[in-house]
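Here is a short briefing on one structure. Take a look at it first, then read on by topic.

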Amino acid sequence: MRATSPVSRTAVREELSRVLGVLVCERDGSLPFAEDAYIRRLSLVAQRFGISLVVFAPWTWNARSNSVNGWSWSKREQRWMPRVSELPRVVYDRAWPSSETEKRRFRSALDRIIAVRPLTFLNSRLPHKRIIGELLSREKKFSPLVPPTAAYEGTNSLVGWLREHGDSAFLKPAAGSQGRRVVAFERAADGSALLSGRTSSNRPFVRSFRSERDALARLHRWIGSRAYIMQPLLELRTAFGEPFDLRALLQKNERGRWTITGVAARIGSQGTVTANLHGGGRAEPASAALSPLFGSEKARALEQDIRGAALALADWFEETLGRFAELGLDFGVDRSGKLWFLEANSKPGRMAMKFAGDDAAERALAMPLSYASTILLRPSGRVIHEFDPM
């Protein structure tokens, strides 16, 4: 067998140091994983930074060879090509498990790798929404932004909540994403009640009940053993009655400093309870939602308030919960002009950034790669800051 020269070994290490792994959950069908279009664009932009992307599911890892069976985009073939690669040392989590079973499989496979091969993650994992709310409510500068929050612990807890906070509540999964399985509970003076929300497949639903008791029982069966939180049903609607929120995308630049890539409004359909784009909403410039409600001057001031709060929150998240390369922070503005912080996302989407200002969409794609290239990866092949993302 021909010996490998020191120069060749160095070259191999150099090459491996420029590989960024993208974590996904493989699926059947013509597209091997979710977010195909986004990751394909990411792969093309990565070439500008001298980075090669390998997309893989963690359960394909072979411990003996320390390799993974993944995919790389072929510009020439215009398709995803199977690729066997050494386990990348730096990874970008864009996995979207489709069920609790797949979520457990993903986490178990990742834990198996981390136990013997420490990885560097671009983003830490966020804890449950209730934990984030509790932590933020203790911070003097953030507590005014945080809606009252409590854990759903059965129908009695919801009845107590309604007694204290009025005749409505907004319930959402403590660990959910993309607006799935959220539900609003509203009761009327005549004893009837209304449930409106989104299913696990993100389809809207509305159900009316003659009695509050029946609605509470149906809601409890629907939630089952899942962890849920309760919050006020805030009046976050446009001048035309559509639900809306404001997504601020924060990303680190090549110097590791937080920047705001853009702020955009996400607007849902009338008769629905969320504005999430995965549920059929649309994105607009922030002013499109704020100006008709408050006038252009107040709208500009509110957007500046969002930007200031977003930067302060990003610093807090990193100081408290670990390193992040990007965060999607969602805000609401009620009819009185009160600003609310709704939730944080460690795997933010990009669709809204098309409406967030000049070149925001392009920067949203390039920033994680720029950060990975200049902060996490070094030409020597040495990876800085190996850690477990919680």
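A polar contact is a pair of N or O atoms within 3.5 Å; within protein, one atom must be able to donate a hydrogen and the other to accept it. Keep that in mind for Gln251 below. The model is predicted.

**Gln251**

- Gln251 sits in strand 13, which covers residues 244–252.
- Is Gln251 buried or exposed? Its relative accessible area is 0%, and buried means under 20%, so Gln251 counts as buried.
- The side chain of Gln251 makes a polar contact of 2.6 Å with the side chain of Thr261.
- A polar atom of the Gln251 side chain also lies 2.9 Å from the backbone oxygen of Ala364.
- Leaving out residues up to four places away in sequence, Gln251 touches a list of residues that includes Trp258, Thr261, Glu326, Arg350, Ala364 and Met367.

- Strand 13 and strand 16 (residues 326–333) run antiparallel and are joined by six bridges.
- Leu250 stands opposite Leu327 of strand 16.

**Helix 4 and helix 8**

- Two packed helices are described by the angle between their axes and the distance between the axes.
- Helix 4 spans residues 129–137, and helix 8 spans residues 296–321.
- Their axes come within 12 Å and cross at roughly 110°.
- Angles of 65 to 115 degrees count as roughly perpendicular, so helix 4 and helix 8 are roughly perpendicular to each other.
- Helix 4 brings Ile132, Leu135 and Leu136 to the contact.
- Helix 8 brings Leu313, Trp316, Phe317, Thr320 and Leu321.
- How do the residues of this contact divide? Seven are nonpolar, one is polar and none is charged.

**Asn62**

- Asn62 is in the loop between strand 2 (52–56) and strand 3 (67–74).
- Its relative accessibility is 37%, so Asn62 counts as partly exposed.
- Asn62 and Glu86 are 24 residues apart in sequence. In space, their C-alpha atoms are 9.3 Å apart.

Conventions:
Residues numbered from 1 in each chain as written. Predicted model: local features only at pLDDT ≥ 70, side-chain atom pairs only at ≥ 80, totals over all residues. Heavy atoms only, no water. Axes fitted to C-alpha atoms, helices over the stretch in contact; angles between N-to-C directions. Helix = DSSP H or I, 4+ residues; strand = E, 2+ residues; numbered from the N terminus. Parallel < 35°, antiparallel > 145°, perpendicular 65-115°, else oblique. Contact = heavy atoms within 4.5 Å. Nonpolar A, V, L, I, M, F, W, Y, C, P; charged D, E, K, R; others polar. Buried < 20%, exposed > 50% of the residue type's maximum accessible area, 1.4 Å probe, protein only. Pairing = 2+ DSSP bridges.
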